[in-house]
Amino acid sequence: MSANYETRGDVAVITLDNPPVNGLGLATRRGIVAGLESAQADPAIKAIVLTGAGKAFSGGADIREFGKPEALAEPNLLSVIAVVEGSAKPVVAAIHSVAMGGGLELALGCHYRVTAPGAQVAMPEVKIGLVPGAGGTQRLPRVLGVENALNLIVSGEPVKSELLAQLPGQQLFQKVIDGDLLEGALTYARSIADARPLPRVRDLKVTHPNADAYFQFARNTVKAVARHYPAPPRCVDCVEQSLKLKFDDGMRYERDAFVSLMLTPECKALRHAFFAERAASKIPDVPADTPLRPIRKLAVIGAGTMGGGISMNFLNAGLPVVILETKQEALDRGVATIRKNYEAQVKKGKLKDDKYQQRMALLSTTLRYDDLKDADMVIEAVFEDMDVKEKVFRTLDEVMKPGAILATNTSTLDVDRIAAFTKRPQDVIGTHFFSPANVMKLLEVVRGKATAKDVLATVMDLGKKIRKTCVVSGVCDGFIGNRMIEQYSRQAGFLLEEGCTPEQVDKAIERFGFAMGPFRMGDLAGNDVGWYIRKRRYVEKPDLRYSKTADLLCEMGRFGQKTGAGWYDYHAGKRDAIPSPVVVKMIEDHRKSLGITPRRISDDEIVHRLVYSLVNEGAKIVEEGIALRASDIDMVYLTGYGFPVWRGGPMCYADTVGLFNVVQAMKRFAANPHDDAGFWQPAPLLARLAAEGKTFS
Ligand code: NAI
């Protein structure tokens with residue numbers, strides 16, 4: 001039973017006990033009902049307190065039950081709430097720490113609610129593409145008023161209980177209890193034990209002085225922000241019906257909205273992303289209880305673009321960092337950039353000045369390796385050059401204390417080779433941050449052949465502490481994300497050769513939902529970066545076909561925003577991408593030189609060629625074991641490459657389209673004489689799943 005029952009004199013106490021957050025799984029739901037029945041049957045009991053053990057009142061549905069029959073088994077949450085509300089003896093919810101989603105709905109079914117200050121109160125269903133499904137949209141407006149309730153429901157964001165308790169006219173909380181919550185709740189329960197009739201939230205009236213105008217305004221505002229998401233406007237509809245319909249009809253309306261949203265691709269994608277994020281932290285052969293190495297101090301080698309951003313992550317988390325460079329000027333420049341970043345945050349009011357000073361006080365700089373001796377972990381972010389990395393790692397091997405973790409931020413080099421420069425390859429790992437490293441959520445954690453399990457576990461844990469989404473990648477060229485983006489870029493190049501302009505390609509994929517198309521992205525990151533990589537890499541693969549347009553662009557000195565010109569033109573100081581006639585002419589000339597007659601290419605074809613090139617490479621990455629699971633690839637693309645969240649990532653999107661259809665489209669692309677037939681050879685895993693009618697998930 002994951003709810004406990006005890007009596008305290010004339011009050012019964014039911015305590016939800018389903019760690020970590022008292023999710024309302026079947027056993028817990030049964031426990032609540034059993035507790036209520038015991039209390040009804042005991043003539044000595046006059047009132048009931050419902051509370052939660054440990055870290056929460058209740059975090060809502062038990063996510064371990066999602067998609068399983070237990071989730072729907074009786075008593076389901078609606079039935080439990082009906083039992084609570086129908087209790088002949090008053091039920092007082094004693095809320096602390098967390099009351100979210102179903103947990104809050106359960107509390108709203110109680111006759112009274114008391115709270116400890118500081119409890120996080122939220123209806124987060126909208127974040128996974130749903131409306132609350134157990135009366136939240138009907139009961140919350142009754143206790144908080146339409147506007148406050150809608151704000152909570154449509155944002156999904158938590159609000160502190162004591163702030164809600166201060167709202168004029170609110171009936172969510174009857175009392176804020178400062179001292180011992182349970183003692184306070186018992187006293188409160190005794191004070192109302194004899195009061196009749198028992199107050200039920202469902203009996204309260206919802207009113208608004210200007211309902212029609214308000215809901216029209218709310219709907220317009222929400223639609224403008226929600227754009228690709230169907231759930232937020234449905235939240236508005238449901239709350240509106242709490243005012244217009246009788247309670248039971250409103251409940252039915254909410255249920256219909258919940259069920260129909262559940263079937264939308266957006267909801268499926270958001271739920272997929274929610275579970276994919278949790279799955280990514282699990283590594284099958286590294287148990288969750290693997291002992292971690294303590295990380296109390298970090299060292300970073302290189303104070304350039306990445307070194308500075310990487311350091312900020314740890315300063316933000318309160319960990320001291322020492323940065324090493326070869327020259328004082330480079331250190332000064334790096335520290336000045338960190339300061340500038342923090343000062344911008346202070347200016348915008350996002351960071352308090354004293355916090356900024358605290359963070360800077362944790363930062364030190366050095367030119368001597370000797371000063372790294374006491375660091376528990378070092379992250380190398382020097383030039384992307386194997387010879388430079390070799391020198392750095394040989395030196396680190398000499399100076400770092402035994403057991404220190406040696407990480408490299410390399411984006412393209414072989415982590416196993418780097419590890420082999422040391423006598424302790426088990427301590428070497430890749431930490432591939434994305435730029436700007438202090439902003440981007442994604443961290444690819446690159447597991448080398450020799451990387452020790454506790455090193456991997458420690459880095460995953462550290463990644464969580466600095467609030468990154470960590471995804472494990474094996475060693476290969478480009479790891480997960482960049483290896484896939486290479487195929488996407490090749491396809492984008494072929495599209496230019498066949499008749500597209502950079503603008504047409506960018507617009508099509510941006511309409512699909514990418515934050516930025518490949519050409520605007522190239523201009524932002526610097527087209528020269530890819531140019532150098534191609535020069536090195538394509539020498540090793542002379543047979544690999546790719547479009548030379550990007551090389552021609554770089555030969556024109558058009559490296560992107562930093563040179564004021566790339567695939568697009570830029571006005572000084574502005575980031576607006578202006579289509580460039582010079583570039584269009586360059587592409588046309590190149591096309592002519594290849595003897596290609598341009599054709600009109602539809603947006604659909606553009607999108608599918610780009611996205612399926614990711615999917616096909618992704619399938620290879622899963623099959624080779626470079627990624628642990630397809631959903632890890634989705635996490636990489638959602639958090640590092642601006643893939644539209646409501647589509648769930650490339651692999652989830654392919655599942656939604658149907659792998660059979662994906663393979664059919666690839667066969668059509670392969671028949672195109674200007675594309676590369678080899679490119680569209682379906683990866684064995686993809687071909688197999690498509691043939692068997694299966695999905696990646
Ligand atoms: P950067 O050129 O901005 O910075 C490199 C810094 O390392 C410079 O300040 C340089 O003075 C310093 N340095 C060079 N040799 C050194 C040595 N022997 N000892 C100490 N310091 C030395 O380069 P960036 O962009 O920061 O890249 C660093 C690493 O991060 C590279 O491996 C790169 O591939 C990787 N990376 C870069 C990303 C980006 O978007 N820029 C993204 C992900 C990884």
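Visitor: Which exposed residues sit on the face of α15 turned away from its buried side?
Guide: D387, K391 and E398. Exposed means over 50% relative accessible area, buried under 20%, partly exposed in between (1.4 Å probe, protein chains only). This is a predicted model: local features need pLDDT of at least 70, side-chain atom pairs count only at pLDDT 80 or more, and totals for chains, interfaces and linings use all residues. Residues are numbered from 1 along each chain as its sequence is written, and side-chain values use heavy atoms, with hydrogens and water left out.

Visitor: And which residues of α15 are buried?
Guide: M386, K389, V392, F393, L396 and D397. Seen down the axis of α15, they fall within an arc of 135°, so they line one face of the helix. The arc is that of the directions from the helix axis to the C-beta atoms.

Visitor: What do they pack against?
Guide: β10 (298-301), β13 (377-380), β14 (405-408), α16 (415-420) and β15 (428-433). Helices (H or I, at least four residues) and strands (E, at least two) are DSSP runs, numbered from the N terminus.

Visitor: What happens at the start of α15?
Guide: A side-chain oxygen of D385 comes within 2.8 Å of the backbone nitrogen of D387.

Visitor: New topic. Where is H96?
Guide: In the loop between β4 (91-95) and β5 (98-100).

Visitor: Buried or exposed, that H96?
Guide: H96 is buried, because its relative accessibility is 12%.

Visitor: Which backbone oxygen lies 3.4 Å from a polar atom of its side chain?
Guide: That of A56.

Terms used
Polar contact = N/O pair within 3.5 Å; in protein donor to acceptor, adjacent residues only side chain to side chain. Contact = heavy atoms within 4.5 Å.
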